[in-house]
Amino acid sequence: METFDSDSRTVFTAKEYNATIEFYWAPFLLESNSDNAVIHRISERLVRKGSITKHGKHWKGVDVLVFNTYLWWMTGLKFKILQGSFDDEVKDIVEVPTTEAYRMAMKSMLRWVRRNMNPKKTRVFFTSMSPSHGKSVEWGGESGGNCYNQTTPIEDPNYWGSDSRKNIMGVIGDVFGKSKVPITFLNITQLSSYRKDAHTAIYKKQWNPLTPEQLANPVSYADCVHWCLPGLQDTWNELLFAKLFHP
């Protein structure tokens, strides 16, 4: 396993098989002010319009490419787009509805795949949004609770949490539905929505020391975004495997 800070990649090499599995950090797919894989906690997130080639040059030539982008867009109902360059002294920034910013990113991704990927050599996938479980009242729990101390899945087959925005799912369906670009869609959202019990909660590395107040109230620092391993992602991988080898 190697990490390359210069281009935000973590690479696992299986030498006997001449194969690599690479994780590339680009939370918006487009160039953004959150592209540093280590220092990216920025309150005012900003992406540059039409800038996917900055990252895309590192993706060319692969056999399998799996895209995912969702959570980092969810900072509000509006999102800021940079029209020019990050190097411009005076920056031209516009604010648009988050759904339109996300639509722009989806169209940029599809356009890049059409121009740069040979479907006879590369399989391309897009994974839908990974849900979080920050409001236990939504599944019939107590007010003010979250995924902390949850030990069983949600049993209501119609459950859909507010953290998984249906308007974003609508954008994905609309953009992909109109496109002829050969991308396989991996819909993990509904099946993952049931797994309120699968998050890391308090059992993870804490990047900042916990205060006495937090320690007294574990709900306040439970991580209901990330998932335990082994765990739910193994099911995602089973879906990917099935689509890859039994298309």
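In which helix is the place of R111?

Modeller: R111 is located in helix 2, which covers residues 98-116. The model is predicted: local features require a pLDDT of at least 70 and side-chain atom pairs a pLDDT of 80 or more, whereas totals for chains, interfaces and linings use all residues. Residues are numbered from 1 along each chain as its sequence is written, and side-chain values use heavy atoms, with hydrogens and water left out. Helices (DSSP runs of H or I, at least four residues) and strands (runs of E, at least two) are numbered from the N terminus.

R111 has a relative accessible area of 34% and is therefore partly exposed. Here buried means under 20% relative accessible area, exposed means over 50%, and partly exposed lies in between (1.4 Å probe, protein chains only). Accessible areas come from the Shrake-Rupley method with a 1.4 Å probe, and for residues only the protein chains shown count as cover. Together with K107, R114 and R115, R111 forms a positive surface patch. Patches are made of residues with over 30% relative accessible area and no salt bridge; like charges are joined within 9 Å, and nonpolar side chains (Val, Leu, Ile, Met, Phe, Trp, Tyr) within 5 Å. Lys and Arg count as positive and Asp and Glu as negative, while His and the chain ends are not counted. The place of a charge is taken as NZ of Lys, CZ of Arg, CG of Asp or CD of Glu.

The aromatic pairs come next. Rings of Phe, Tyr and Trp (its six-membered ring) pair if their centres lie within 6.5 Å; planes under 30 degrees apart count as stacked, over 60 as edge-to-face and the rest as tilted. By this rule there are 14 aromatic pairs. Y24 is buried because its relative accessible area is 17%, and W59 is buried because its value is 7%. W73 and Y102 also form an edge-to-face pair, at 5.7 Å centre to centre and 80° between the planes. This pair brings the account back to helix 2, where Y102 lies; its partner W73 is in the loop between strand 5 and strand 6 (78-82), 29 residues apart. W73 is buried at a relative accessible area of 0%, and Y102 is buried at 1%. W73 and Y102 also belong to a cluster that ring pairs extend to W25, F28, W72 and F79.

K80 and E44 form one of 2.6 Å, N to O. K80 is in strand 6 and E44 in the loop between strand 3 and strand 4 (46-48), so their contact ties together parts 36 residues apart in sequence. K80 is partly exposed at 28% relative accessible area, as E44 is at 48%. In a further salt bridge, the closest N and O atoms of D174 and K178 are 3.4 Å apart. Both residues lie in helix 3 (residues 166-178), four residues apart, about one turn of the helix. D174 is partly exposed, at 28% relative accessibility, whereas K178 is exposed, at 66%. A network of salt bridges links D174 and K178 with E100 and R103.

Two details of the backbone complete the account. L229 and P230 are joined by a cis peptide bond, with omega about -5°; P230 is in the loop between strand 11 (223-227) and helix 6 (232-245). A201, in strand 10 (residues 199-201), has a positive phi near 55° although it is a residue other than glycine. A201 is buried, with 7% relative accessibility.

Definitions and conventions:
A salt bridge is a side-chain nitrogen of Lys or Arg within 4 Å of a carboxyl oxygen of Asp or Glu.
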